[in-house]
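Let's take a friendly walk through a protein model, one piece at a time. Keep the picture in view as you read.

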Amino acid sequence: MRVWTGDLAREHDMVVVGAGAIGLTAALVAADAGARVTVLEKAPYLGGTSAVSGGMFWIPMNTRMAALGLTDDREDALRYLRAVTAGRTADDVLAALVDRGPEMLDFLERRAGLRMAPMDNFPDYHPEWDGAHPGGRSLDPELYDITQMGELAGSLRPDLRLPFTMREYEEWRIFTRFPTEMLERRAAAGLVARGRALVAPLVAACSDAGVTLVTGCAAQRLVVEDEAVAGVVTAAGDRVPARAVVLACGGFEWSPEMVDNFLSGPVHGSCSPPHNTGDGIRMAAKAGVGLGSMREAWWGPMVLVPGDETDGAQTGTLLRFERTGPHTVIVNRHGRRFVNEAHNYNDMTKAFHLFDPGAYDFANLPAYLIFDERHLREYGFLSHRAGLPTPSWIRTAPTVAQLAALLEIDPAGLTETLDRFNEHARNGVDPDFNRGASAYDRYWGDQHAPHPALGPVETPPFYAVEVVSGVIGTKGGIVTDGEGRALDTFGDPVPGLYAAGNTTAHPMGPGYPGAGATLGPGSTMAYAAGLAAVAQLGLRPLTT
């Protein structure tokens, strides 16, 4: 255990479990009102999954859109959210997201100096749906200089990725075209981007506000007195009393037991740190809190690259351009396509979970991404580049039939699939799965190619990687109301207990409205929870 700031032995008005962006937001709201706040983090670093994420917020009606000449409409946003969540999220929660989101964003800018810029060309994930927006709802953190944090910079979860913003990604698109040397100079100078640029100013602001920040300290039980939550008990057996507790400690993707019992599909990889084992959900369930959406996750197609580890655990790498750019397809063990490869990663991964009752197995697993030499030469593939020795996790062969034999998939099926795909890809169409028809599909492609998302797979040699059903995190757990208050199994608030983020039945339900919909709504609910806790404590917010 390490106490980075503050004093763990002092009295606590609020204890926040989890030091990602969501937990830190709740902590800052309460501390800003004068509450004595302690944040307990299980991992050895602050930042949680947020620190290694894209760091984006999805916030409809945000005031930053006006600077780009963009407008938004409350009723449009609500209609879109009701469609994305399939009517499974309470209206008071959806209203809180739309109404409180801009407030939360403005608060974090004023109080933490968090600067976020809207992505004017980044469409919602379902741009053709009623109420969707072509750009501006997704916001990207500005670069942040962590050298100003002094020793506290060492508390941040590391991220070995180069520090580029998502707006720069929009400009450069293809990793082989990135100005690597310039980005390396940025990193050496202490500049961070994306997830770390989101978390770092929140950590600094919490420190300045007197929040006690502790790492290597897992919470294990809630203290319940007179039917109200009155603190937590740590894994070491220490009692930390508090008048309010906020659970924001992630989901359960690293708990094999919970994954097997609850999720609708298999999890073979995750890109989150390995500390998300459902602790907050277990603690709340023992205290009689209601649970919801336990079958849901933020799904994503991933590759397991040997050596890619977080805190000693093998983590997955989310596929983005590698599956959406030209000259790639994804096939199952029969060599057949089964999904629009360029669709948003959450929804397209659900196609991996189709169950074959005859074989009593998943029909589309294992799955493989097939690409050709042209794709590798023009774009590379993750860390691999043309001309270098092919790593063991990529299979290669001079012909399609030989590649199929290596993968032990049907060679006739793969050959037929590629022949049909190539014929139509040359004309920029996909009659089977409509790949490239959506503005979202085209956004993630190569804007300089004849078609951003389509190109034939025909230039030997051919390559393949196994694509696994992965998750960024789970999103089922504690049921809350629009104020972030935890509800019991009868729908009544549990006094003293609040929750936000992936520890909860996330407001996005089964859907994913746009980039940043994990952190934006999660932080909005943390902001609401912080305000509700401040009111419970009899304090008055200072700068909200």
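Glycine 251 sits in the loop between strand 13 (244–247) and helix 7 (256–262). Please keep in mind that this is a predicted model. Is glycine 251 buried or exposed? With a relative accessibility of 1%, glycine 251 counts as buried, because the cut-off for buried is under 20%. Which residues does glycine 251 touch, not counting those up to four places away in sequence? They are Asn276, Thr277, Gly278, Thr474 and Asn502. For a sense of distance, take alanine 425: 174 residues separate glycine 251 from alanine 425 in sequence, and their C-alpha atoms are 40 Å apart in space.

Now find helix 15, residues 519–536. Its 18 residues, at 1.5 Å a residue, should span 26 Å, and the end C-alpha atoms are 25 Å apart, which agrees. Of those 18 residues, 16 are buried, so helix 15 is largely enclosed by the rest of the structure.

Glutamine 536 belongs to helix 15. Its relative accessibility is 35%, so glutamine 536 counts as partly exposed. Leaving aside neighbours within four places in sequence, glutamine 536 is in contact with Arg243, Ala244, Gly496 and Tyr498. Isoleucine 394 is 142 residues from glutamine 536 along the chain, and the C-alpha atoms of the two are separated by 56 Å. Following helix 15 comes glycine 538, with a positive phi near 75°.

### How helices pack

| Helix pair | Packing angle | Distance between axes |
|---|---|---|
| Helix 1 and helix 15 | about 30° | 8 Å |
| Helix 1 and helix 6 | about 30° | 10 Å |
| Helix 2 and helix 3 | about 135° | 10 Å |

What do these angles tell us about helix 2 and helix 3? Their angle of about 135° makes helix 2 oblique to helix 3. Helix 2 passes helix 3 in a crossing that is right-handed. On the helix 2 side, the residues that meet helix 3 are Arg74, Ala77, Leu78, Leu81 and Arg82, and their partners in helix 3 are Asp91, Leu94, Ala95, Val98 and Asp99. There is a general idea to bring to such lists: an α-helix has 3.6 residues a turn, so residues three or four places apart point the same way.

Helix 1 (residues 21–32) takes part in two of the pairings shown here. Start with helix 6 (residues 194–208). The angle of about 30° is under the 35 degrees used as the cut-off, and helix 1 and helix 6 are therefore roughly parallel to each other. Their crossing is left-handed. The contact involves Ala21, Leu24, Thr25, Ala27 and Leu28 of helix 1, together with Leu198, Val199, Leu202, Val203, Ala205 and Cys206 of helix 6.

Next comes the pairing with helix 15. Helix 1 and helix 15 are roughly parallel to each other too, but here helix 1 makes a right-handed crossing. In helix 1, the residues Ala21, Ile22, Thr25, Ala26, Val29 and Ala30 meet residues of helix 15 that include Leu519, Gly522, Ala526 and Tyr527.

### A bend in helix 3

Helix 3 (residues 91–112) has 22 residues, which at 1.5 Å a residue should span 32 Å; the end C-alpha atoms are 30 Å apart, which agrees. Where does helix 3 bend? The bend, of about 40°, is at arginine 100, and proline 102 follows within four residues. After helix 3 comes glycine 113, whose phi is positive, near 70°.

One runs from leucine 365 to proline 366, with omega near 0°. Proline 366 lies in the loop between strand 22 (361–362) and strand 23 (367–372). Another joins proline 460 and proline 461, with omega about -5°. Proline 461 is in the loop between helix 14 (439–443) and strand 25 (462–474).

Finally, consider backbone angles. Tyrosine 360 is not a glycine, yet its phi is positive, about 55°. Tyrosine 360 is found in the loop between strand 21 (355–356) and strand 22, and at 67% relative accessibility it counts as exposed. Asparagine 434, also not a glycine, has a positive phi of about 60°. Asparagine 434 lies in the loop between helix 13 (411–425) and helix 14.

How values were computed: Residues numbered from 1 in each chain as written. Predicted model: local features only at pLDDT ≥ 70, side-chain atom pairs only at ≥ 80, totals over all residues. Heavy atoms only, no water. Expected span 1.5 Å × (residues − 1). Bend = angle between axes of the 7 residues up to and from the residue. Buried < 20%, exposed > 50% of the residue type's maximum accessible area, 1.4 Å probe, protein only. Axes fitted to C-alpha atoms, helices over the stretch in contact; angles between N-to-C directions. Parallel < 35°, antiparallel > 145°, perpendicular 65-115°, else oblique. Left-handed = near helix turned anticlockwise from the far one by under 90°. Contact = heavy atoms within 4.5 Å.
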